[in-house]
Amino acid sequence: MSNGLHFRPTRAEIDSDALRHNAAMARKHAGHCKLLGVIKANGYGHGAVEVAHAINGSVDAYGVAFIDEALKLRDAGFTQPIVLLEGCFSEAELPVCAHYNLQPVVHQQQQLDAILQARLVKPLAVWLKADTGMHRLGFSPDEVERVSQQLENCPQIASVTLMTHFANADVTHHPLNEAQLDRFNEVCARTTPARALSAANTAALLSSVLDLGDEASQWCRTGIMLYGVDPTDSATPMSLLPSMRLVAPVMAIREVPKGAAVGYGSTWVAERDSRIATLAIGYADGYPRHAPNGTPVWLNGQQVPLAGTVSMDMITVDVTDLAQVNVGDEAELWGPHLSVATVADAIGTITYELLTRVSERVPRHYK
Ligand SMILES: *Cc1c(COP(=O)(O)O)cnc(C)c1O
């Protein structure tokens, strides 16, 4: 993606040291728990292979959404265990999983049936998902004991890690957190006690109310933290470093008289004689089209507001209050000066969506 020749300066700078630092912080937080570095969706938009390299020393395994993402890592030479968080879509994947040491999540009956009927040359390590209240994937708590026994008795199964996923771990006092944890603990108590467990994503790992234990048999599944974002509403700031800086150049500057409108739909109207800078980034690059007027952009040492509807390849910002601006100056859409969380708040979305939607035409520059 980044080895082609690019003349347009628009780019996503990826800071491998920041990724390494954040992984080390996750490692510290996880205590004796094992760490699954979640690098699905092309490493949350950063480049899965590069992220896998950067965090290598701090994680015990990688997590991706589905098998195609895992095979890219195997092609790149990674030999660590890889967990498929959505499991398999068909039985054809099972021999591939066995061959490449991929560990599928088993969350519904068809997946279980396929495994019980498969003839595999190597036994498979699987993760069994319990639905403790998220109601998206997983067996209901009263099914888990049966499924777990079926897997346990299956000669093709090497190990079973019991897992669940929290729906509101980012909200410290959400009542569902404790309810889910209680249900998960009940399920765990009813199945083999020696088994490995996994409940925590980043938010559950960082939130203080959830005591998830600190045991070598526990896996923390951490994604967003690796990319420098604390998803919890906790007041104590974590010393995470932003791993992506999204950059676009000023490509034109114009004076717009009071009363004139800017951009498609004329949604922004100058309340004073204004100066408008046009930046070379748009929704085709992953900058959301629904970003409202006023969304902050960092340019020449200060925040300037988005002025006008986001176009496919361009945005316009109000630079009237900037002392100096020239064509070729580079704006930061998010990064060290303007956190992706601040931008996500302004746009009414979440950091995950902004990071993962940076499109393929934006070259990634690694340092
Ligand atoms: C994506 C994902 C994670 C990682 O979540 P973060 O909030 O990024 O830490 C953990 N577990 C599952 C099942 C996931 O799908």
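Biologist: Which helix and which strand each supply at least two residues of the shell around the ligand?

Modeller: In this predicted model, the shell draws on helix H2 (40-44) and strand E9 (218-222), and each of the two supplies at least two residues. There are 13 residues around the ligand, and those that come nearest are Lys40, Tyr44, Thr202, Ile224 and Tyr352.

Biologist: How does the shell around the ligand divide by class?

Modeller: Five of its residues are nonpolar, five are polar and three are charged.

Biologist: Where does the ligand sit?

Modeller: Rolling a probe the size of a water molecule over the atoms shows where empty space is left. Here, the ligand sits in the largest pocket, whose volume is about 920 Å³. This pocket is lined by 36 residues, of which Lys40, Tyr44, His165, Asn201 and Tyr352 are the closest to its centre.

Biologist: Which helix gives the most to the lining of the largest pocket?

Modeller: That is helix H11 (351-356), with four residues. H2, helix H9 (202-206) and helix H10 (340-347) are also among the helices that each supply at least two residues of this lining. By class, the lining of the largest pocket comprises 19 nonpolar, seven polar and ten charged residues.

Biologist: How many cavities of 30 Å³ or more does the structure hold?

Modeller: A pocket is open, whereas a cavity is a space from which the probe cannot get out. The structure holds one cavity of 30 Å³ or more, and the volume of the largest cavity is about 50 Å³.

Biologist: Which residues line the largest cavity?

Modeller: The lining consists of Lys129, Ala130, Asp131, Thr132, Met134, Arg136, Leu137, Thr164 and His165. Three of these residues are nonpolar, three are polar and three are charged. His165, which lines this cavity, is also one of the residues closest to the centre of the largest pocket.

Technical notes:
Residues are numbered from 1 along each chain as its sequence is written. This is a predicted model: local features need pLDDT of at least 70, side-chain atom pairs count only at pLDDT 80 or more; totals for chains, interfaces and linings use all residues. Side-chain values use heavy atoms; hydrogens and water are left out. A residue is near a molecule or strand if one of its heavy atoms lies within 4 Å of it. On a 1 Å grid over the protein atoms alone, a cavity is a set of points where a 1.4 Å probe fits but cannot get out, and a pocket is an open set with protein on both sides within 12 Å along at least five of seven lines; lining residues have an atom within 4 Å of a point. A molecule sits in a cavity or pocket if more than half of its atoms lie within 2 Å of its grid points. Ala, Val, Leu, Ile, Met, Phe, Trp, Tyr, Cys and Pro count as nonpolar, Asp, Glu, Lys and Arg as charged, and the others, Gly among them, as polar. Grid points are joined across faces, edges and corners, and a volume is the space filled by probe spheres set on the points.
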